[in-house]
Amino acid sequence: MTLSAHNSSSHLNGGAARTDRNLARLLALLAGGCALLLVLILGFLLLEAWPLLGSGGWRAFIRDSGWYPLEGQFGIAPMVWASLAVTLGAIVLALPLGLASAVFVRFYAPPKLAAGYRLLLNLLAGIPSVVFGLWGLTQLVPLIASWQPPGASLLAAILVLALMILPTVALTSAAALAALPADLLAGAAALGISRKGQILRVAIPAARAGIVSGALLAAVRALGETMAVLMVAGNVVQNPSSLFAPVRALTANIALEMAYATDLHRAGLFASGLLLTLLVLLLAWLAARVVQRAPRGSVYE
Amino acid sequence: MMVFTCVPGPGRLQKKCLGKTYSDKNATARAGLCRAAVALLGLLLLLASQSLWAASQRLVLTGSSTVAPLALEMAKRYEQQHPGVRIDVQTGGSSRGILDARRGLADIGMVSRALQATEGDLTAYTIAMDGIGIIVHRSNSVAALTDQQIVAIYRGQIRNWREVGGADRPITVVNKAEGRSTLELFLQYFGLKNSQIRAQVIIGDNQQGIKTVAGNPGAIGYVSIGSAEYEEQRGTALRLLPMAGHSASVANVARGEFPLARQLNLVVVGQSSPLAQQFIAFAQSESVRDLISAQFFVAP
């Protein structure tokens with residue numbers, strides 16, 4: 001629109017405006033299509049889960065202590081807790097490690113080493129989850145089992161997931177640190193603040209919105225991860241009471257049983273999917289709020 | 001059926017196509033276009049009928065992941081002997097095999113157990129037998145377990161191998177996920193309900209079970225004897241336990257002596273197609289015996 005104001009030819013002006021309008025319409029249509037797709041998916045999940053939800057089955061999610069769909073028991077709550085526990089554990093491990101490697105890459109590492117390290121992180125991010133799962137099942141689980149049987153446990157799932165989301169945390173944190181204005185650090189240095197102070201008191205607080213939203217993005221990935229968790233978590237439906245106890249995540253529940261499920265059992269699995277989607281939406285909303293409430297560069301204020 | 005031909009008109013500049021007469025100066029060109037369209041339509045119809053004919057020579061099998069590898073090998077050999085036939089084999093569990101056969105999504109369902117009373121609408125053809133064997137880690141010193149001991153272990157009443165004559169080591173009970181036919185057979189044989197079992201690990205397929213037991217000296221699980229025997233021979237750290245005095249081996253399943261065995265069935269609903277009938281007859285014939293033993297199953 002700014003462009004057309006400078007344009008003297010009314011014909012050209014109208015043409016440009018029309019093109020602009022058409023483009024806006026096309027983009028709105030495409031964006032609307034994406035939003036519609038999400039609504040359709042949610043609707044589909046709701047429809048498929050309805051045989052169970054509609055008959056008051058959602059009360060069974062909390063009431064029933066166990067998940068035995070063939071015997072009419074649909075206790076989903078332990079799996080929600082397990083999914084959250086696995087995700088939380090993975091974030092608690094991956095966030096300090098990822099942030100530390102981001103700080104190292106941004107402030108301390110010589111350029112060649114930093115480039116090599118970044119390459120390594122990208123490689124780690126590219127390893128398929130089933131490979132992590134296989135490694136966990138054949139190496140990590142026996143190791144834990146020799147110490148605290150059965151080995152397949154909340155801890156194994158947390159360790160494997162932490163490794164999987166570490167690159168996401170490290171790369172987004174590094175990007176957030178790199179996006180800080182150069183004069184911010186220069187100003188801190190000019191004030192005579194030590195290197196440690198510059199990083200801990202200036203750089204990290206200023207980049208915290210990017211770091212936190214990166215961590216939430218990683219949490220979404222951890223929550224949705226299926227194959228690796230299925231292979232190492234033990235898949236017993238129970239509240240996560242100990243690090244060494246086996247648990248079943250919502251995703252693993254769907255993957256383990258979907259191929260074999262019929263009728264209400266199937267509806268129960270779709271209900272798991274619905275809950276999982278709602279959890280992911282909640283996390284995404286949180287991430288959006290964090291970015292809104294702490295705009296980048298707020299340290300200036 | 002309509003006749004798609006172009007009839008030349010009587011006049012010099014009159015052309016006919018599909019009963020319409022073209023008589024203006026572009027008659028030749030327009031009638032030519034019409035003829036081309038008709039020819040294209042004819043070609044499409046021909047192609048469609050061809051693919052329809054091909055579809056009648058196509059067979060879809062879905063169901064049990066235990067039966068699928070065997071059915072796939074049989075299908076390959078059948079396709080070799082009958083060019084023009086295409087057989088699709090898809091897995092998804094015995095429940096899906098029954099569901100797809102009933103809904104008509106599959107011509108033949110694969111089911112790794114005998115049919116239940118509620119499944120009287122289906123006809124089953126046994127193509128092989130498979131035994132379910134109890135497996136423990138190779139280092140486990142327990143030589144055998146009675147049925148009562150196995151039940152007590154799976155119900156969480158016996159929690160240490162010491163109580164059944166083994167080393168002082170906690171027992172890791174490995175169970176299968178809900179809906180699997182191996183689980184159904186196991187529960188049925190021992191008279192258990194799934195909610196009575198206190199498991200420490202729940203697995204999906206046989207391979208996951210084998211890897212879990214081989215990686216945990218205190219584990220006990222149950223998988224298809226064929227796959228366990230194969231892994232045992234390859235040196236995987238597991239051991240099959242005998243049941244009721246019969247050693248868990250493919251040979252004993254063949255003799256019908258092993259108590260915990262199941263049928264591998266092909267099931268159809270009502271009147272199946274001639275091709276499905278032919279394939280089932282082929283799968284039960286002598287000419288696939290080598291395929292059955294190559295997969296560590298037992299011919300019925």
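Student: How much area do chain B and chain A bury between them in this model?

Tutor: Keep in mind that we're looking at a predicted model. The size of an interface is often given as the accessible area lost when the parts come together. Carbon and sulfur atoms hold 61% of the area buried here. For chain B and chain A, the total comes to about 2100 Å².

Student: Which elements of chain B give two or more residues to the side that touches chain A?

Tutor: The contact takes 28 residues from chain B and 27 residues from chain A. On the chain B side, the elements that give two or more residues are helix H3 (94–103), strand E8 (201–203) and helix H6 (206–214).

Student: How many residue pairs are in polar contact across that interface?

Tutor: Salt bridges don't feature between chain B and chain A, as the rule finds 0 of them there. Polar contacts do turn up, counting pairs with both residues at pLDDT 80 or more. The number of such pairs is 7.

Student: Let's pick one residue, Thr172(B). Is Thr172(B) buried or exposed?

Tutor: Thr172(B) lies in strand E7 (residues 172–176) of chain B. Its neighbours come from both chains, among them Pro149(A), Pro150(A), Gln200(B) and Val201(B). Buried means under 20% relative accessible area. At 1% relative accessibility, Thr172(B) is therefore buried.

Student: Which side chain makes a polar contact with the side chain of Thr172(B)?

Tutor: The residues that Thr172(B) touches also include Asn216(B), Gly218(B), Ala219(B) and Ile220(B). One of these meets Thr172(B) side chain to side chain, at 3.2 Å. The partner is Asn216(B).

Student: Zooming out to chain B, what share of its residues count as buried?

Tutor: Chain B has 10 helices and 11 strands. Among its contacts between residues at least 6 apart in sequence, 68% join residues at least 24 apart. The chain exposes about 14200 Å², with carbon and sulfur atoms supplying 54% of that. Of its 300 residues, the share that counts as buried is 48%.

Student: Which residues are linked with Arg58(B) in a network of salt bridges?

Tutor: Over all chains, the count comes to 16 salt bridges. Some of them join up around Arg58(B). The residues linked with Arg58(B) are Arg86(B) and Asp88(B).

Student: How many residues apart in sequence are the parts that Arg77(B) and Asp290(B) tie together?

Tutor: The side chains of Arg77(B) and Asp290(B) meet in a salt bridge at 2.9 Å, N to O. Arg77(B) is partly exposed at 23%, and Asp290(B) is partly exposed at 41%. Arg77(B) belongs to helix H2 (residues 68–81) and Asp290(B) to helix H10 (residues 289–294), so the parts they tie together are apart in sequence by 213 residues.

Student: Over to chain A. Which residues form a nonpolar patch with Leu27(A)?

Tutor: Leu27(A) is in helix H2 (residues 10–63) of chain A, and at 49% relative accessible area it is partly exposed. An α-helix has 3.6 residues a turn, so residues three or four places apart point the same way. The patch has about 390 Å² of accessible area together.

Student: How many residues of helix H11 of chain A are buried?

Tutor: This helix spans residues 250–257 and is mostly covered. Its buried residues include Leu250(A), Ala252(A) and Leu256(A).

Student: What is the phi of Asn235(A)?

Tutor: Most residues other than glycine have a negative phi, and most peptide bonds are trans. Asn235(A) lies in the loop between helix H10 (227–232) and H11 of chain A, and it is buried at 1% relative accessibility. Its phi is positive although it is not a glycine, at about 65°.

Terms used:
Residues are numbered from 1 along each chain as its sequence is written. Chains are lettered from A and ligands numbered from 1 in the order in which they are written. This is a predicted model: local features need pLDDT of at least 70, side-chain atom pairs count only at pLDDT 80 or more; totals for chains, interfaces and linings use all residues. Side-chain values use heavy atoms; hydrogens and water are left out. Patches are made of residues with over 30% relative accessible area and no salt bridge: like charges are joined within 9 Å, nonpolar side chains (Val, Leu, Ile, Met, Phe, Trp, Tyr) within 5 Å. Accessible areas come from the Shrake-Rupley method with a 1.4 Å probe; for residues, only the protein chains shown count as cover. A salt bridge is a side-chain nitrogen of Lys or Arg within 4 Å of a carboxyl oxygen of Asp or Glu. Helices (H or I, at least four residues) and strands (E, at least two) are DSSP runs, numbered from the N terminus. Buried means under 20% relative accessible area, exposed over 50%, partly exposed in between (1.4 Å probe, protein chains only). Contact means heavy atoms within 4.5 Å. A polar contact is a pair of N or O atoms within 3.5 Å; within protein, one must be able to donate a hydrogen and the other to accept it, and residues adjacent in sequence count only if both atoms are side-chain atoms. Buried area is the accessible area (1.4 Å probe) that two parts lose on being put together, summed over both.
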